[in-house]
Amino acid sequence: MKVVLLGATGFVGSALLKEALDRGHTVTAIVRDPEKLEKREGLIPRTGDVYDTASLAGLIEGNDALISAFNPGWKNPNLYDDQVRGTKSIIAAAKKADIKRVLWVGGAGGLEVKPGMRVVDDPALPDWVRPGSLATIDALDQLRKEPDLEWSFLAPSAEMKPGERTGKFRLGADQLLVDPAGHSRISVQDFAVAMIDELERPRHLRQRFTVGY
C-alpha cells in the first residue's frame, strides 16, 4: 500500500515506519527534518508542517491511507493546545486530499480502569502526562465527528517502552488491558505490529481499540 506517516521520527512513529517498510509498503514520511530519516527502499521523505493544512493536503494526496503519530513533544508547554490544533489540521488535510482511511496513535488516558473511571481520572497520574492524555482523548472525539472517514484509533497499554517484536499480544476495546500480575504494558515494536495489522486487515473501523500483553 501507499501510506503517509506523520511523526515518523518520533518514538512511536519510527517503530511504525520500520514495521510498514519491513512489510513492503511504500511510506511517505512527513517530517520537519528529513535528514533524520535513514534512506530505505520504499521510503519517500517529505518536509512538511502539520499546522499548514493546505500544504499538508498537497503532500499527502494520492496515498491509500494516513497514519498519524503526531505529537508536538511532551516538554512542549503548549502541548494540549498544539496537539488539538494539529489534529484538526491533519483531519482537514486528509479530507481535502480525499484520503478516507486514517489510523491514529492514541493514548491510554481515555481507557477505562473500571466503570466510569478512566486512566486520566486517576489523581496519581503525573501532571506532565495529563495534557497529552487529554489531547489524545480530544483527537478521538474529533474523529468520531467525521462520518466520511474510515478511522481506527489504537490506544497503547499504560506502559509502552522499547522491547521485543513478539507479535503475541491481546487486543481490547475501551478498557485498559492488564496482565495476570496487574501490569499494563506493550512494547512499541508490538504496538507497531498491531497498527500495521489494522492497516492491512481492517477490523476496527470507526472504533477505538487497544493492545497489551
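Q: How do you know that strand S10 (residues 170-172) and S12 are paired in this predicted model?
A: Three bridges join strand S10 to S12, and the two run antiparallel; because two strands pair if there are at least two bridges between them, S10 and S12 count as paired.

Q: What makes strand S8 (residues 150-155) a partner of S12?
A: Four bridges join strand S8 to S12, and these strands run parallel; the definition asks for at least two bridges, so S8 and S12 pair as well. Here Ser152 stands opposite Gln207 in S12.

Q: Why is strand S12 (residues 207-212) called mostly covered?
A: A residue is buried when its relative accessible area is under 20%, and five of the six residues of S12 are buried, so the strand is described as mostly covered.

Q: What makes up the lining of the largest pocket, by class?
A: The largest pocket, with a volume of about 1100 Å³, is lined by 41 residues, of which Val12, Ala69, Phe70, Asn71 and Trp74 lie nearest its centre. Among the elements that give two or more residues to this lining are helix H1 (11-22) and strand S2 (26-31). By class, the lining has 21 nonpolar, 15 polar and five charged residues.

Definitions and conventions. Residues are numbered from 1 along each chain as its sequence is written. This is a predicted model: local features need pLDDT of at least 70, side-chain atom pairs count only at pLDDT 80 or more; totals for chains, interfaces and linings use all residues. Side-chain values use heavy atoms; hydrogens and water are left out. On a 1 Å grid over the protein atoms alone, a cavity is a set of points where a 1.4 Å probe fits but cannot get out, and a pocket is an open set with protein on both sides within 12 Å along at least five of seven lines; lining residues have an atom within 4 Å of a point. Grid points are joined across faces, edges and corners, and a volume is the space filled by probe spheres set on the points. Ala, Val, Leu, Ile, Met, Phe, Trp, Tyr, Cys and Pro count as nonpolar, Asp, Glu, Lys and Arg as charged, and the others, Gly among them, as polar. Buried means under 20% relative accessible area, exposed over 50%, partly exposed in between (1.4 Å probe, protein chains only).
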